[in-house]
Amino acid sequence: MSSAQDKDTLLRYLDEAREAMLWKLDGLSEYDVRRPMAAHGTNLLGLVKHLAGCEIGYFGYVFSRPFPQPPAWLTSEEGEPTRDMWATAEESRHDIVSLYRRACAHSNATIDALDLGGRGEVPGWPEHRRSVTLHDILVHMLSETARHAGHADILRELIDEAAGLHANSRGLPDTDSQYWPRLREHIEHLAREAKM
């Protein structure tokens with residue numbers, strides 16, 4: 001396989017994970033995309049905001065290709081340390097999704113412009129790992145995005161039981177309406193019966 005084919009494959013999977021992230025917001029209320037669903041405040045819109053910052057940093061600053069007009073929360077040292085993980089009341093869903101799409105387009109321009117061996121530096125990483133290639137960062141962002149898409153899968157399922165990569169690909173078997181409650185009850189029973 002050629003380097004160009006490797007790049008195309010990595011980008012195809014990254015694009016699929018990016019689109020899965022955005023689909024998780026579809027059809028939900030403003031409250032549901034923003035509400036904290038886990039102990040550390042994890043929420044759907046915050047995951048998209050976080051990934052926008054990751055795209056801007058890893059494919060922009062790391063390769064000396066700064067993102068035009070980065071958001072203040074990304075460039076300021078002041079404020080909450082987790083401010084990239086949730087939306088303020090003033091930040092609209094549209095603004096965050098638009099930022100993410102622009103960040104991904106900027107990332108894709110970097111990916112297109114560089115060879116997989118193109119070099120960059122991640123200042124916040126341990127010194128022995130700071131020097132990276134485009135290949136390293138593509139794999140890192142694919143992993144990061146897929147990880148958060150998995151978080152989003154669970155959050156969306158908790159909200160309205162929607163699952164899958166997108167609306168037309170649930171990845172679940174066709175079943176009657178009682179299948180999932182019965183299965184959940186069965187698994188709960190097995191968990192309680194398990195011997196230590």
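**Close-up views of a predicted model**

**View 1. The largest nonpolar core.** Of the 43 residues in the largest nonpolar core, the members that touch the most others are Y58, F59, I137 and L138. Such a core is a set of buried Ala, Val, Leu, Ile, Met, Phe, Trp, Tyr and Cys residues joined through side-chain atoms within 4.5 Å; buried means under 20% relative accessible area (1.4 Å probe, protein chains only). Two or more residues come from each of α1 (3-23), α3 (44-59), α5 (93-113) and α6 (134-160), and α3 gives the most, with 10 residues. Helices are DSSP runs (H or I, at least four residues), numbered from the N terminus. This is a predicted model, in which local features need pLDDT of at least 70 and side-chain atom pairs count only at pLDDT 80 or more, while totals for chains, interfaces and linings use all residues. Residues are numbered from 1 along each chain as its sequence is written, and side-chain values use heavy atoms, with hydrogens and water left out.

**View 2. Surroundings of L138.** Leaving aside residues up to four places away in sequence, L138 touches K7, L10, L14, F59, I111 and L116. Contact means heavy atoms within 4.5 Å.

**View 3. Surroundings of R18.** R18 lies in helix α1 and is buried, at a relative accessible area of 3%. Its side chain is joined to that of E55 by a polar contact of 2.9 Å (a pair of N or O atoms within 3.5 Å; within protein, one must be able to donate a hydrogen and the other to accept it, and residues adjacent in sequence count only if both atoms are side-chain atoms).

**View 4. Cover of helix α5.** Among the buried residues of α5 are R93, Y100, H106 and I111. The cover over the buried residues of α5 includes α1, α2 (30-34), α3, α4 (72-75) and α6.

Methods
Buried means under 20% relative accessible area, exposed over 50%, partly exposed in between (1.4 Å probe, protein chains only).
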